[in-house]
Amino acid sequence: MPVAFSFRKAIAGAGLALAAVACQSNSSSEKTEPVETTGANATYLPAGTWRGVLSAQGQEIPFLFDVEAGNNNQPVAVYLRNGEERLKLDEIKTVGDSTTIRLGVFDAALVVYADGQTNLKGAWVKYDAKEPYRVPFSARKGEGSLFGAKSGKENQSFAGTWKVTFKGDDGETYPAVGVFEQKDRAVTGTFLTSTGDYRYLAGNVDGNTMKLTTFDGSHGFLFTAEKQENTLTGDFYSGKSGHETWTATLDPNAKLPDANALTGMKPGQKKLDFKFPSIMEGGSISPADPKYKGKVVVVQILGSWCPNCMDETNFLAPWYEKNKGRGVEIIGLGYERTTDQKVAAQKLLKMKQRMNVGYDLAVAGEANKDAASQSLPQVQKVLAFPTTIFLDKKGEVRKIHTGFSGPGTGKYYEQEVAEFNKTIDQLLAE
């Protein structure tokens with residue numbers, strides 16, 4: 001695990017240029033072995049509510065978080081707040097004058113140091129990115145508003161269901177559905193797409209302008225929009241470099257293409273034929289194994305780096321414990337951001353332990369849709385993480401569901417769960 005050393009030394013003379021954030025492992029350049037700080041020296045992350053800001057692409061991506069302190073005022077947990085969601089982070093380590101806050105199951109962290117009594121500076125670091133990925137971060141204690149005071153303009157209403165089109169900088173477009181709720185100037189909601197949703201979004205309205213944001217440890221999103229009558233025009237900023245524009249029209253009947261019809265099996269193919277190494281050393285997993293014979297089997301295509309996959313896993317893990325006695329099994333196929341099988345297995349094992357996953361997990365390949373498609377040659381194409389494949393008692397594929405509408409989508413999540421249960425009930429009844 002990467003460890004933070006003297007953050008002040010690392011950025012000395014560099015002003016706010018945080019590319020030199022100290023998140024390396026211990027190296028020979030360190031004259032002394034750093035010692036984990038306790039007691040009075042670890043009090044610069046005090047309990048309370050903080051407003052964090054990621055600075056990327058000339059934008060501020062704000063989010064709120066709460067710090068919980070224990071004995072000697074040491075931080076024991078940080079809770080990321082996205083609308084009604086609270087994500088608990090409890091891997092916190094202070095070394096020297098900096099603190100590393102691991103971001104849940106994701107191979108990422110906030111690496112911070114104190115800048116006075118009520119301010120933090122540092123960086124959001126992704127350790128599994130192909131290129132160095134560090135985004136400047138700052139925070140101030142006691143601020144509870146995402147986007148500050150309003151300008152005094154009369155606030156427009158952004159509430160409702162919107163038919164949305166996103167457009168990338170390369171000109172490619174894709175459809176979405178925006179669902180927003182508004183109370184005074186506070187807005188919550190999300191965007192649903194054919195490959196998943198943008199999870200819990202929260203923000204504010206100021207006149208005819210809306211800003212929404214989220215930070216879950218893997219993604220930092222900022223959506224901006226201006227309203228003209230029943231039309232929205234805006235920008236979508238994703239972390240360090242992702243950018244798209246979007247337009248929307250108010251449409252209570254807006255919907256996406258059928259998630260069960262986006263892909264399927266190749267002509268003449270009825271069964272999946274794979275054998276992947278289990279995350280438990282020495283084992284392997286195949287739908288042909290005796291354990292799955294005569295049972296309904298759900299194959300979950302996922303990655304531990306994927307927030308939508310974690311939403312689905314948060315549903316599937318307790319569901320499996322309640323329903324495994326009915327003759328149903330789940331196989332999780334993990335596609336990770338590494339080609340090292342042992343490292344991938346460790347990432348998936350961490351996910352299994354943190355999320356109490358009782359079903360089988362295998363290392364299936366690298367984290368991209370082409371690799372997933374190649375590893376499952378009977379399937380036409382894997383279009384999204386997650387993708388859920390339903391096998392009947394004969395081992396034949398009966399449905400392939402692309403994407404997952406998580407709890408941040410409200411009624412759409414309820415429909416997702418209801419459809420899942422209906423499919424399982426039908427297959428068990430056969």
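Modeller: Let's start with the rings: those of Phe, Tyr and Trp (its six-membered ring) pair if their centres lie within 6.5 Å, and planes over 60 degrees apart count as edge-to-face. Keep in mind that this is a predicted model.

Colleague: Happy to. How many aromatic pairs does a search of the whole structure find?

Modeller: The search finds 32 aromatic pairs.

Colleague: How should I read one of them, say the rings of Phe 166 and Phe 223?

Modeller: A pair of aromatic rings is described by the distance of the centres and the angle of the planes. For Phe 166 and Phe 223 the centres are 6.3 Å apart and the planes are at 65 degrees, so the pair is edge-to-face. Phe 166 belongs to strand β10 (residues 160-168) and Phe 223 to strand β16 (residues 220-228), so this pair ties together parts 57 residues apart in sequence.

Colleague: Which residues form one aromatic cluster with Phe 166?

Modeller: The cluster includes Phe 223, Tyr 174, Phe 180, Tyr 198 and Trp 246.

Colleague: Where does the charged end of Arg 86 sit?

Modeller: Over the ring of Tyr 79, 4.3 Å from the ring centre. In another case, the charged end of Lys 227 sits over the ring of Phe 158, 5.8 Å from its centre.

Colleague: Now strands, please. How many bridges join β3 to β4?

Modeller: Strand β3 (residues 75-82) and strand β4 (residues 85-89) run antiparallel and are joined by 5 bridges. Asn 82 has Glu 85 in β4 as its bridge partner. The two strands, β3 and β4, form a hairpin with 2 residues between them, and Gly 83 in the turn has a positive phi of about 60 degrees.

Colleague: Where does pLDDT stay under 50?

Modeller: Where pLDDT is low, the predicted coordinates should not be read in detail. Here pLDDT stays under 50 over residues 1-43, for which the model has 78 contacts beyond four places in sequence. The chain averages a pLDDT of 90, and 90% of the residues score at least 70.

Definitions and conventions. Residues are numbered from 1 along each chain as its sequence is written. This is a predicted model: local features need pLDDT of at least 70, side-chain atom pairs count only at pLDDT 80 or more; totals for chains, interfaces and linings use all residues. Side-chain values use heavy atoms; hydrogens and water are left out. pLDDT is the predictor's confidence in each residue, from 0 to 100. Contact means heavy atoms within 4.5 Å. Rings of Phe, Tyr and Trp (its six-membered ring) pair if their centres lie within 6.5 Å; planes under 30 degrees apart count as stacked, over 60 as edge-to-face and the rest as tilted. Helices (H or I, at least four residues) and strands (E, at least two) are DSSP runs, numbered from the N terminus. A charge sits over a ring if NZ of Lys or CZ of Arg is within 6 Å of the ring centre and within 35 degrees of the ring normal. Two strands pair if DSSP finds at least two bridges between them.
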